[in-house]
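Residue names carry their chain letter throughout.

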Amino acid sequence: MTVAVLYDANKCIGCRGCQVACKQWNENDEFIPTEENGVKSKNTGSYENPPHLSARTWTKIRFTELEYNGGFHWVFTKLQCMHCEHPACVAACPVGALQKTPEGPVIYDDNKCFGCRYCMVACPFGIPTFEWDSPLPWIRKCTFCADRLGAGLEPACVQTCPTNALKLGEREELIAEARKRINASPDKYVNHIYGENEVGGTSWLYLSPVPFELLGLPALGSEPVTLDAERAMGAVPPVLMGVAAAMSGVYWLMKRRDRVNRDKSKKKEEVTK
Amino acid sequence: MIQKRSFPFGTFILSLLVVLGLGVIIYRYIYGLGAISNLSDGRAWGLWISFDLYCGVALAAGGFTLAGAVYIFKLEKYHSVVRPAVLTAFLGYTLVILALLVDLGQPWYIWHIIINWNIHSPLFEVGMCVMTYTVVLALEFSPAVFERLKWNVPLRIIRTIQIPLVIAGVVLSTLHQSSLGSMLLMMPETLHSLWYTPILPILFLTSAIAVGPAMVIFESTLSTRVFGHKLDIEVLSGLARIIPYILGIYLLLKIFELTAVGELGLIFTAYPQNLLWWAEIIIGVISPIILFSVSEIRENRNAVFWTSVLVIGGLVLNRFNVSLLALGMRPGYVYFPHWMEFAISAGLVADALLVIWLAHRFLPIAQPEQTAEVKV
């Protein structure tokens, strides 16, 4: 059994308490824009702040204003690591610094990483971030509060959410519940649980009143993105043996050809003598 | 062998570039990658990965193709160009490693890859191949140094393991060239469909084999101009004759693959990416196939040189396309390399050119082995 979180955009009120709770629990609170911290917010023309996930912001609420089905919608989308069932970052990491735990979270180990950033490039959701301004930089991303889960607590964002827009539970049960919510009010939800099948399934599941592409979530297939790379890596040992054997074979053949030619020319010389 | 020459102007410029690059590298270690690059969470890999890693490795392909051709396929005609090709490959790989020491967030932990293996990661394969093949290349080139120093014992040892070394070089290069393609297989959703295909590793290997001889033509022509020892036109036109066959296979693979998945139409509809695709194919594949098939062109040193420049240019564009230009970014970010990113890459290339210049002055590069074999 794996844990998962269901995020219901219809219940989210965009208070961003999850953002603050995340920073507090994960010791990024000195980067919360307050006067005491000396961190200033910039007017970006939206309540949405900060503009991107970063090494200091592991989750954030995206604000989307849009027209859909003849109605106006103001939709909130919580962004954080999706904790894939078949994570590209885990397959990509050359040193195994990223691991998918059996319980569900995808966790990261500073002690193995050397900062190649392949995980950032490979992630289909664009989640892992990097400490660009540090001379000793690490990768940073949502940990699913694996430390809290281990102690029997909910993730900080889930615990702080005042409207129960976030619900922690067992993945299959949450999918069933999500389906129930869709069926109960099909006019309020699009008939799609984002994360149920995307890239082979994720531990974070989304419900929304509008199609997910309109919220800027990438439209992804149901195949894990790691499949082709897995096949290619599986071919490495046979290719290694095959090329080595072929090259040795060619070398032997060519050497033999040279020797035969030499013998022939010798014989010719003898004949002419 | 050693002619007394004044310090040429070119090497002065190169030395300046090296010093500038070195300064930027020191700055980078103090203030972090953010201070010297325009890399961001939206574009985590930039100029260094595309140019120094992707192009650097591909352009080093002259080493294994020529060593394989001469020592395994016994094409003795090309003996005289093996050593410069191996030297360029070795320097190419050194450049890759130096660039990685800049690009990695914490390069002092690079040894983690030796103890923490993730055998499912294409980048693990890349790392292993870079390390082992650089050693192989160093050993393959070492006779030039031993001959100069008249160290006969190590020379004899290297000679006895020469064939296994060359075979190891071909095997490692096959894996390495293709693994750079495998790395992109992790990005089926972000790499544009014109380039993304499960056969990317095979395409990478094929294009690297094609660019190998082109690089040898390119280098040896340039070193002819700079150092004066003229290369037999037979060698150049022989190399030029092979290239269209390999490029032909490459082109067919590309077209067949796009047709098989029903995406051939993209080459007309996927504006503006299709312009990059066409540029890459016309410059680096179709034109050289046509030009190198004409025997008058193969007999003309200048024409051979410029056509091989086309092959190299097309390959460079291809590697930039797959690793940068056609690779999607996170929304809300832009990337154009910082001048210090350029300074580092330029500095590293200048490093390599200076070493080549020194090697040609002080080591037996152009006339390998004949004299030394007598001594041994």
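Strand β9 of chain A, residues 204-207, is covered on both of its faces. A:Trp204 and A:Tyr206 lie on one side, A:Leu205 and A:Leu207 lie on the other, and all four are buried. The model is a predicted one. The pairing partner considered here is strand β1 of chain A (residues 3-8), which runs parallel to β9(A) and is joined to it by four bridges. Within β9(A), A:Tyr206 is the residue that stands opposite A:Tyr7.

A second pairing in chain A is antiparallel: β2(A) and β3(A) are linked over nine bridges. A:Tyr68 has A:Gly71 in β3(A) as its bridge partner. Two residues separate the strands in this hairpin, and A:Asn69 there adopts a positive phi near 55 degrees. Strand β3(A) covers residues 71-79 and also holds A:Trp74. Is A:Trp74 buried or exposed? A:Trp74 has 10 C-beta neighbours inside 10 Å, and therefore counts as exposed. From A:Trp74 to A:Gly221 the C-alpha to C-alpha distance is 26 Å, with a sequence separation of 147 residues.

**Backbone exceptions**

Most residues other than glycine have a negative phi, and most peptide bonds are trans.

| Site | Feature | Value |
|---|---|---|
| A:Asn49 and A:Pro50 | cis peptide bond | omega about -10 degrees |
| B:Tyr271 and B:Pro272 | cis peptide bond | omega about 0 degrees |
| A:Glu27 | positive phi | near 60 degrees |
| A:Val199 | positive phi | about 40 degrees |

A:Pro50 belongs to the loop between α1 (17-25) and β2 (60-68) of chain A, and B:Pro272 to the loop between α12 (266-269) and α13 (273-293) of chain B. A:Glu27 is likewise placed in the loop between α1 and β2 of chain A. A:Val199 has 26 C-beta neighbours inside 10 Å, so A:Val199 counts as buried.

**Chain B**

Chain B contains 17 helices and zero strands. Its radius of gyration is 21 Å, close to the 21 Å that the globule rule gives for 376 residues, so chain B is as compact as a globular protein of that length. Along the principal axes, its C-alpha atoms occupy a box of roughly 65 × 55 × 40 Å. Buried residues make up 49% of the 376 in chain B. If one takes the contacts in chain B between residues at least 6 apart in sequence, 82% of them join residues at least 24 apart.

The buried residues of α16(B) include B:Glu341, B:Asp351, B:Ile344, B:Leu348 and B:Ile356. An α-helix has 3.6 residues a turn, so residues three or four places apart point the same way. Among the elements that cover the buried residues of α16(B) are α1 (9-31), α3 (47-59) and α5 (79-103) of chain B.

**The contact between the chains**

How many residues does each chain bring to the contact? Chain A brings 52 residues and chain B brings 49 residues. On the side of chain A that touches chain B, at least two residues each come from α2 (88-92), α3 (118-122), β6 (129-130), α7 (227-234) and α8 (236-272) of chain A. The largest share, eleven residues, is supplied by α8(A). Sorted by class, this side of chain A comprises 35 nonpolar, ten polar and seven charged residues.

**Confidence**

For the complex, the predictor gives an ipTM of 0.90 and a pTM of 0.92. Chain B has a mean pLDDT of 91, with 95% of its residues at 70 or more. Residues 369-376 of chain B fall below 50 in pLDDT, and this stretch has five contacts in the model beyond near neighbours in sequence. Where pLDDT is low, the predicted coordinates should not be read in detail.

Key. Residues numbered from 1 in each chain as written. Chains lettered and ligands numbered in written order. Predicted model: local features only at pLDDT ≥ 70, side-chain atom pairs only at ≥ 80, totals over all residues. Rg over C-alpha atoms; globule rule 2.2 N^0.38 Å. Buried ≥ 20, exposed ≤ 12 C-beta atoms within 10 Å, placed from the backbone. Contact = placed C-beta atoms within 7 Å. Nonpolar A, V, L, I, M, F, W, Y, C, P; charged D, E, K, R; others polar. Pairing = 2+ DSSP bridges. pLDDT = per-residue confidence, 0-100.
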